[in-house]
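Please look over the sequence and structure below before reading on.

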Amino acid sequence: MLSIENLSKRFGSVSEHPLFQAVSLRLAPGESVAIMGESGVGKSTLLNCLAGLEPVDGGRIRLRDTELTALNEDDFARLRRRDFGFVFQSFHLLPHLTLAQNVALPLWLLDLDDRTAGERARAMLERVGLGARADDWPRHLSGGEMQRVAIARALVHEPALVLCDEPTGNLDPERATGVLELLFETIHSAGAIGLLVTHSPTAATHADRVLRLTRDGLVAA
Ligand SMILES: Nc1ncnc2c1ncn2[C@@H]1O[C@H](COP(=O)(O)OP(=O)(O)OP(=O)(O)O)[C@@H](O)[C@H]1O
């Protein structure tokens, strides 16, 4: 379970109006939500707060039994490696690693041995339809294929929470649909919680629920 209670975030002095406040949301394993909202309202900042990359000014975030907002940086970094997956607009594949090595990265960071990490990475690449390309290089892939690898990397360590920031922003509509179907199918079947930030109403329809972020919280879109 992910539980966000009354979250608020402010940049600048306390006299300034918060960027957003009263953000509350509960999501069970296997559930997903898309968050839309006008440019600059704080969608990416909200994801950064959830990932512990930005401090919050008020409220609480709990994931499973852990209050994330009470963790110190080191503990959050450990938990982030284990329980979070990320998919961004830019695919962030490492060019000097093969696809299998890119996907194995989160497992190496969790100290899995090379052999197990390699096997799991290859199995995950199979799931996203790129098993035959495991030893190929990122530069040989199309944008849609790169994002499939990024999805495999985001989910290979079976994270509890997958944060996606405009994951199909660099893809044409046809590729975007295929990638989103794969992304949400993989999140749901893994029993993970998916949180998607997007400007695209079409992309948002792939999530179970669509919400809009406002300065005063999340409302139905
Ligand atoms: N580290 C920071 N320091 C100060 N202001 C920041 C910082 N990060 C973001 N902001 C400001 O917070 C506001 C929200 O930014 P954010 O990127 O979260 O919005 P967004 O809703 O994701 O926008 P978009 O849809 O355009 O990507 C913006 O005005 C931005 O300039």
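**Overall form**

With 221 residues, a compact globule would have a radius of gyration near 17 Å, and the protein chain agrees with this at 17 Å; the radius is taken over C-alpha atoms, and the globule rule is 2.2 Å times the number of residues to the power 0.38. This is a predicted model, in which local features need pLDDT of at least 70 and side-chain atom pairs count only at pLDDT 80 or more, while totals for chains, interfaces and linings use all residues. Residues are numbered from 1 along each chain as its sequence is written.

**Chain and domain**

- Along the principal axes, the C-alpha atoms of the protein chain fill a box of roughly 55 × 40 × 30 Å.
- The protein chain has seven helices and ten strands, where helices (H or I, at least four residues) and strands (E, at least two) are DSSP runs numbered from the N terminus.
- Of the 221 residues in the protein chain, 38% are buried; buried means that 20 or more other C-beta atoms, placed from the backbone, lie within 10 Å of the residue's own.
- Of the contacts in the protein chain between residues at least 6 apart in sequence, 70% join residues at least 24 apart; a contact requires C-beta atoms, placed from the backbone, within 7 Å.
- An unreviewed UniProt entry lists residues 2-221 as "domain: ABC transporter"; UniProt positions are given in the numbering used here, feature names are shortened, and annotations may be inferred rather than shown by experiment.
- Residues 2-221 are 36% helix and 25% strand, with the end C-alpha atoms 20 Å apart.

- Around the ligand lie Phe-11, Leu-19, Gly-37, Ser-39, Gly-40, Val-41, Gly-42, Lys-43, Ser-44 and Thr-45, a residue being near if its C-beta atom, placed from the backbone, lies within 6 Å.
- This shell divides into three nonpolar, six polar and one charged residue; Ala, Val, Leu, Ile, Met, Phe, Trp, Tyr, Cys and Pro count as nonpolar, Asp, Glu, Lys and Arg as charged, and the others, Gly among them, as polar.
- Helix α1 spans residues 43-50, and its residues Lys-43, Leu-46, Leu-47, Cys-49 and Leu-50 are buried.
- These residues are on the same side of α1 because they cover an arc of only 160° around the axis, taken from the directions from the helix axis to the C-beta atoms.

**Arg-120**

- Arg-120 sits in helix α4 (residues 114-127).
- Arg-120 is buried because 20 other C-beta atoms lie within 10 Å.
- Beyond its neighbours within four places in sequence, Arg-120 is in contact with Leu-107 and Val-156.
- Arg-120 and His-157 are 37 residues apart in sequence, and their C-alpha atoms are 8.6 Å apart.

Technical notes. A residue is buried if 20 or more other C-beta atoms lie within 10 Å of its own, exposed if 12 or fewer, and partly exposed in between; C-beta atoms are placed from the backbone. Two residues are in contact if their C-beta atoms, placed from the backbone, lie within 7 Å.
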